[in-house]
Amino acid sequence: MPRFDDYTGENLIPPYRILDLTDRRAAFCARLLADYGADVVKVEPPGGDPSRRLGPYPADSPNTERSLDFMFYNTNKLSITLDLDSESGRALFRRLAADADVIIESYDRHYLYDRGIGFDALRADNPGLIMASVTPFGCTGEWADYRGDDLVVMAASGYMQITGEPDEPPVRQGNEHSHYPAAQYAAVGILAALYHRDFGDGTGQHIDVSSQEALITYYTDAHPALLWRKLGQNVTRVGTNSTLVIPLGAYPCKDGWIAAGVITPREWDSLAEWIHEVTGNDEVLSETYRGGNQDRAEHIDIITALFLEFAENFTVQELFHEGQRRNLVFLPVNEVADLLADPQLAESGFWYDIEHDDPAVGTVKYPLGIFHSEEVQARRHPAPILGADNAAVYQGELGLTADELAALKAGGVI
Amino acid sequence: MTTAPVDSQAACFAALTGIRVVEFGPYVALPLTGRILGSLGAEVIKVETNKVLDEMAFIPAWSRGAGQPEYQRGKRRITLDVRTDAGRDLMLEMARISDVFMTNFRRNVLDRWGIDFPEIRRQRPDAIIMWQTGLGGHGPYYTYKSFGILVQHLSGVSLMTGLPDEPPGVVNTSYSDYHTGVFQPAGIIAALMRRNLTGKTATLESSIFKSGVATCGPALLDYQVNGRGPQRRGNRDAWAAPHGVYPCAGEDRYIAISIVDDEQWTKFRQAMDDPAWAAAPEYETRIGRQRNHDALDAAISDWTRPQDSAQLMNTLQAAGVPAGIVSQGQDLHDSAHLQSRNFYQDTQYWEAERDVKATEWTEGESVSWSIPARMSGTPIAFGKYSNIGEDNAYVFGDLLGLTNEEIAELEAAGVIY
């Protein structure tokens, strides 16, 4: 069992030391662990993590300390700089790894091995070490050396095949969605490995997460491999409005879009009655449309038309709350501005403010992740400035002198 | 398709050996959490409550259940009517012998059944409780209903997807259910560590809504700092050009290509055998390629259109160009890459029939993925797919110590069914 002198359970995750060598493909994994209490040190090349040079920036003015992308993915982490291409940099890294609980990395599978700091080499000095590698296609298999970013992984997983309009090409989901599934699975694997090490047999291990595989599991409703095996069919795009649940989709109303879905016969009766109240149209009450989705499937066009005629009389918020009062799954189609103002998120303790010293950024709300609890707190520190913790780590932990640190800086190692 | 087991290291013990979890709730997210915990070695007991079956027992509709192993394998499945006093008492007994209690019922529903978290804590003072709802367990929407596919609208993602003159862009699946299903095991394992180290327990509340918004990305900050809503750019990206999908030979076939810098652009030109159009000065820099992206897309499409997408992917990747086919079901099912990683595995399933006892359902053959975190030191169990109620004797008899006569009485009374 590990000894943490100061850990009293204020945070959900004990302060395990995690070295974060990830780019955006897996930065969310280390952030998730850091937000809930892990002691995460981001190990950046001396020029900084590449995402520091990605926008957006405040006022669109590029500045490596002001990338909003970097800020989002790196809350609650420390930052040190280290050049893994130099021998002295690698020597320092081995010392850091010898005392670390976990390393998370998203380099190509040869990068660390070629530098003599692959999992096997590091484990020789630290049998309890856990390392998670997040790569586009995994560390084994014939695509293991293939390159992939968000777009390519979204394509190769098939996720894009069912995203967008049926008569248009596949489209990317706009939140760079492929960065999340692998990061989440890596976090689960890391925590399970820590649990096993500290409350099981004491040894560490390597965890191989493929972004492609992780994203495949995120659309299991559609299950393309199963559909192919059983029926010889390929899944495809159906657009905003589903053809399986009727009606289901997003529909324009007075001031935006309302998302609505009707599944049970009771829900349809409730909706039909409401449409009738509003439009006076008797047709919607017809027995023809009553029952389950199969009963309405052949009438999808007329039902959609009836729904559109009804919805245009209301605002999004009117439809949302009155719909729910009538036991219907009506939900607003939100923009970011709506989310920031949403009373449910506010009351769920979801947002927390971070005051940035930089006035160009100011005070900004961040999402706290999904766990709300009276018994544990999440941490609330902004993403680090580049190398902010060099002195604390290299002098405070590794015992380097100020002169040695200065020499490493002068040599471009940190 | 291979049937080689992922749990080839079954001799060593799994990461969550010794942990027992009660899973109480239907649909996608919570059962997925249970499946993941089970695959990591926890003993997961799925309690199915009323005589109304989880609609998910029938998915996909055309197969009546071939998709169910994805959510239910590796669990002990018992039947229990918690609307009865005896059923509620047995549920509390289950909580007493378990480390984790997790449910996705709304507060008003749990109240109706007389299941409350303080009572679970009295039964088991160190229980970890995971309480998942659609929109939130407290707050103004706590009674509201939702389901996963619509949460991509609610959480702001659909208005980031597609183009501004199009309807909100949607992926045809239960979007945020999967986020929630994979967030939750992380929270549970962390809470178990914390319990072991401090003796303290935790009730964690999660929601599908929050899971969706938590993954909106830097757009959340861009709006606050720059007052700018998310840009709907289709497949374009401010940091790469060309960046998009291009048509290939065959029906609905595409390849995605993403060129982030001039070095990759040079490699791409070489892979295309350096056509004259690609040497145009406006394409020399990324900014130039951004400005002329429409013309660039048209020229690239002319080159890709007659080609086989899979061969083209191999050619481009060999040249160092990030590219990937837009995979269809057949590509995934037959993928040599995924097969070499044992990603898909054969499994059995139970073909669900309404008004027919689950014990009389027919067994069929299906395919299921394995948990996409390969652990070198602990097995990932692929897990048996029990039918509903199949493990009643084990749980009520072996674990709770009821005699065969007592179980028979409960069955006769409709408490276990």
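## Helix packing in chain B

In this predicted model, helix α1(B) passes helix α7(B) in a right-handed crossing. On the α1(B) side the contact is formed by B:A29, B:L30, B:L32, B:T33, B:I36 and B:L37. Helix α7(B) contributes B:D177, B:Y178, B:T180, B:G181, B:V182, B:Q184, B:P185, B:I188 and B:I189. By class, the residues of this contact comprise ten nonpolar, four polar and one charged.

Two packed helices are described by the angle between their axes and the distance between the axes. Here α1 (residues 29-39) and α7 (residues 175-198) of chain B pack at about 45 degrees, and their axes are 8 Å apart. The two helices α1(B) and α7(B) are therefore oblique to each other.

## The parallel sheet

Chain B contains an open sheet of six strands, ordered β3-β2-β1-β4-β5-β6, with parallel pairing. The edge positions are held by β3 (75-79) and β6 (203-207) of chain B; each has a single partner strand, so one side of each is left without a neighbour in the sheet. From one strand to the next, the twist averages 20 degrees.

Strands β1 (residues 20-24) and β4 (residues 100-103) of chain B pair in the parallel sense over four bridges. Within this region, B:F24 has B:T103 of β4(B) as its bridge partner. Helix α3 (residues 85-96) of chain B lies across β1, β2 (43-48), β3 and β4 of chain B, and runs at about 145 degrees to β1(B).

## Domain arrangement

Chain B is divided into domain 1, covering 8-215 + 337-412, and domain 2, covering 243-330. The C-alpha centres of these two domains of chain B lie 43 Å apart.

Key
Residues numbered from 1 in each chain as written. Chains lettered and ligands numbered in written order. Predicted model: local features only at pLDDT ≥ 70, side-chain atom pairs only at ≥ 80, totals over all residues. Heavy atoms only, no water. Domains from an automatic or database assignment. Axes fitted to C-alpha atoms, helices over the stretch in contact; angles between N-to-C directions. Parallel < 35°, antiparallel > 145°, perpendicular 65-115°, else oblique. Left-handed = near helix turned anticlockwise from the far one by under 90°. Contact = heavy atoms within 4.5 Å. Nonpolar A, V, L, I, M, F, W, Y, C, P; charged D, E, K, R; others polar. Pairing = 2+ DSSP bridges.
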